[in-house]
Amino acid sequence: MQCSVGWVGTGVMGRSMCGHLLAAGCAVRVHTRTREKAADLLAKGAAWAATPREAAAGADVTFSMVGFPADVEQVILGPDGVLAGAEAGSVAVDMSTSQPSLAVRIHAEAAARGIAALDAPVSGGDVGAREAKLAIMVGGDRPVFERVLPLFQKLGETIALMGGPGSGQHTKMVNQIAIAGNMIGVVEGLLYAHKAGLDQAAVIDVIGKGAAGSWSINNLGRRIVKGDFNPGFFIKHFVKDMGIALDEARSMKLSLPGLALVHQFYVSAQAVGLENLGTQGLYQVLARMNGM
Ligand code: NAP
């Protein structure tokens, strides 16, 4: 595949995703805050860029997959950011989960420099990133979406343009709202199974195939049973996402009490120092509350 790509952010998700583009034959310039986290990509032929600005220089498309909205702002809009290095006619694609309003701002600031921009957050977790099976929800202009689509197809299986700038991030918020309710259900269900003396793995084998089946119970529920609380998807990032969704809902005068409650449980997970666990770490919070 003929492509010249910049990539910023090679953590849990970005490293696998960038690796797929490299494997597809793209020329990749990569930047991330902690260089060691790009070591395997550099060994496979990616070139190191000292800044996001350098990563974007000469690239047709520059992707970012960083943590928080403040990181997105820095790596795209900052003085050494993607827009400072990208050429007119190129595309900046932010795949981090971030604020819809920031996506709209990036689109406008990019357009002022003749650069196109898409917001393209993902769902499917670390497994989806590794296996190139992500769902990718995109906001932006259709011709730009169609231009980047062949690259998205190297990263995911379900790829959809949801509307104009910010629509990808709004769609991801819907995803996170649905997952919040699902996570508390999975955790409480497995606690109940334990207390009732059931084999938790056997419970997942059965109910994971019925109406209670979900990605969360079949992937994260199984990690809970094995005592594996590694991320996956960091609690600190889930708290960020639920905070964005609650802010957006408030500004739309929309009450989401279920989301607010789950948000509070995860804030308490942060408060007891569990923010760098995967989201299945909520199990530990409720287990402690129940003296388990
Ligand atoms: P992560 O492991 O923390 O990766 C983020 C990477 O970006 C880190 O390597 C980080 O550097 C780098 N970074 C952050 N700020 C930077 C900056 N200012 N300049 C350069 N590099 C910077 O997080 P992740 O799990 O891959 O998640 C990335 C994004 O995807 C988040 O927005 C998350 O909410 C979203 N997401 C995650 C999942 C999941 O299951 N993990 C699923 C869907 C969406 P350091 O290594 O130095 O911290």
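The residues of the shell around the ligand comprise 8 nonpolar, 13 polar and 6 charged members (Ala, Val, Leu, Ile, Met, Phe, Trp, Tyr, Cys and Pro count as nonpolar, Asp, Glu, Lys and Arg as charged, and the others, Gly among them, as polar). The model is predicted: local features need pLDDT of at least 70 and side-chain atom pairs count only at pLDDT 80 or more, while totals for chains, interfaces and linings use all residues. Numbering starts from 1 along each chain as its sequence is written, and side-chain values use heavy atoms, with hydrogens and water left out.

Among the 27 residues around the ligand, those that come nearest are Met13, Thr34, Lys37, Gly67 and Lys240 (a residue is near a molecule if one of its heavy atoms lies within 4 Å of it). Helices α1 (12–23), α4 (69–77), α7 (125–130) and α12 (235–251) each supply at least two residues of this shell, and α4 gives the most, with 3 residues. Helices (H or I, at least four residues) and strands (E, at least two) are DSSP runs, numbered from the N terminus. Because domain 1 (4–164) and domain 2 (170–289) both give residues to the shell, the ligand lies between them; the domain bounds come from an automatic or database domain assignment.

Turning to individual atoms, a polar side-chain atom of Lys240 lies 2.7 Å from an oxygen atom of the ligand. A polar backbone atom of Gly67 is 2.8 Å from a ligand oxygen atom, and an N or O atom in the side chain of Asp71 is 3.4 Å from a ligand nitrogen atom. Each of these is a polar contact, a pair of N or O atoms within 3.5 Å. The protein covers 93% of the 890 Å² of accessible area that the ligand has on its own (Shrake-Rupley method with a 1.4 Å probe).

Two backbone details complete the picture. The peptide bond from Pro231 to Gly232 is cis, with omega near 20°, and Gly232 is placed in the loop between α11 (215–225) and α12. Ala132, although not a glycine, has a positive phi of about 55°; Ala132 belongs to the loop between α7 and β8 (134–139).

Key. Polar contact = N/O pair within 3.5 Å; in protein donor to acceptor, adjacent residues only side chain to side chain.
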